[in-house]
Amino acid sequence: MPLTKLSHQLRLMALLSGNTTLGIDEVAARLGLSRRSVYRYIEAFRDEGFVVTHSGDIYCLDKGSPFFRQVSGNVLLSEAEAAAVLRLITGTSRKQAVLRSLRDKLARLYDYGIFASVSGDDGPLAGNISLLYEAVRQHLTVVLRGYRSLRSETVTDRIVEPYCFLSGGDDIRCYELSSGQNKTFRLSRIGSVKLLDVKWSNAARHDRLLADDFGFTGEPVDTISLRLSPRAAALLGEECPHSTAHTLPHADGSADYTAEVCSYLGPARFVLGLFEEIDVKGSTEFIKYLRQKAKDLTEKFSL
């Protein structure tokens, strides 16, 4: 059909806009193109004035390219405007879903680099986040200078390969070269970040983290199984849209939910809030966790 070439170009443009993880082979496979065709289209984009960046075989079309600016000029904010909006959001409750969504969209559109201008008090932290984001994007090794470990009560420099910001935005997952282990580092405990001109050499050892249905990211701790009333099933679908993939609905509106979780905290909040409408069918450890939470709640409000 006559629009096949244009369709491929547009789909490739959309795929490479902000690309940080897909190599040429993966891009070609997704679009049903050959490597040669992908490279040819990329060169055509460059010839037309697009800003093309790459790290190894991971190519990206910069959102600052003139074409994108022209098309979206009346829609997208400038980086200064986006930073101003982020300042307003920073002073409000993070529990508000609309504001969380807006902040996430701004981060995806404008990069973590503008976070540095959001708050004077958070300047060093935002600067560290910006550098770590760049390291994740370019697959670079970094030095976490002056990292304060509460476990060992030490302040040391850590050479790591950062590869994943965890849910909540307070931690980053890294592969530590000295120990040969994947570790989670609290962003607020990092003194400063130094980018090294050294690419990752241990990508195959980076652990694959799960993003569970309740918004927690990490290694799975357990599999839970719940029997949900019609109301509980509807609320779970609204609050955790991804949960539908792990939910088996019944004709009366009730449902069975079974999935891996990275933390008991998320599902516990949901279950305790609707305890009369949910039966826990699986995981002895999760039931123990719920009982302890119920005990803590009782003691907190006992006379």
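Q: What makes the charged end of Arg40 count as sitting over the ring of Tyr41?
A: The charged end of Arg40 is 5.7 Å from the centre of the Tyr41 ring. The model is predicted: local features need pLDDT of at least 70, side-chain atom pairs count only at pLDDT 80 or more, and totals for chains, interfaces and linings use all residues. Residues are numbered from 1 along each chain as its sequence is written, and side-chain values use heavy atoms, without hydrogens or water.

Q: How many aromatic pairs are there, and what kind is the pair of Tyr39 and Tyr59?
A: The count is seven aromatic pairs. For Tyr39 and Tyr59 the centres are 5.9 Å apart and the planes are at 85°. Rings of Phe, Tyr and Trp (its six-membered ring) pair if their centres lie within 6.5 Å; planes under 30 degrees apart are stacked, over 60 edge-to-face, and the rest tilted. The pair is therefore edge-to-face. Tyr39 is in helix α3 and Tyr59 in strand β2, 20 residues apart.

Q: Why is Tyr59 called buried and Tyr39 partly exposed?
A: Buried means under 20% relative accessible area, exposed over 50%, and partly exposed in between (1.4 Å probe, protein chains only). Tyr59 has 13%, so it is buried; Tyr39 has 30%, so it is partly exposed.

Q: Why is the pair of Phe214 and Phe270 called tilted?
A: The centres are 6.4 Å apart and the planes are at 55°, so the pair is tilted. Phe214 lies in the loop between β8 and β9 and Phe270 in helix α9, so the pair ties together parts 56 residues apart in sequence. Both residues are buried. Ring pairs join Phe214, Tyr257 and Phe270 in a cluster.

Q: How do you know that Thr141 is buried?
A: Its relative accessible area is 3%, so Thr141 is buried. Thr141 is in strand β3 (strands are DSSP runs of E, at least two residues; helices are runs of H or I, at least four; both are numbered from the N terminus).

Q: Which residues have the most contacts inside the largest nonpolar core?
A: They are Phe214, Ile224, Leu226, Leu228, Tyr257, Ile278 and Phe286, in a core of 20 residues. A nonpolar core is a set of buried Ala, Val, Leu, Ile, Met, Phe, Trp, Tyr and Cys residues joined through side-chain atoms within 4.5 Å. The largest share, four residues, comes from β12.

How values were computed: Lys NZ or Arg CZ within 6 Å of the ring centre and 35° of its normal.
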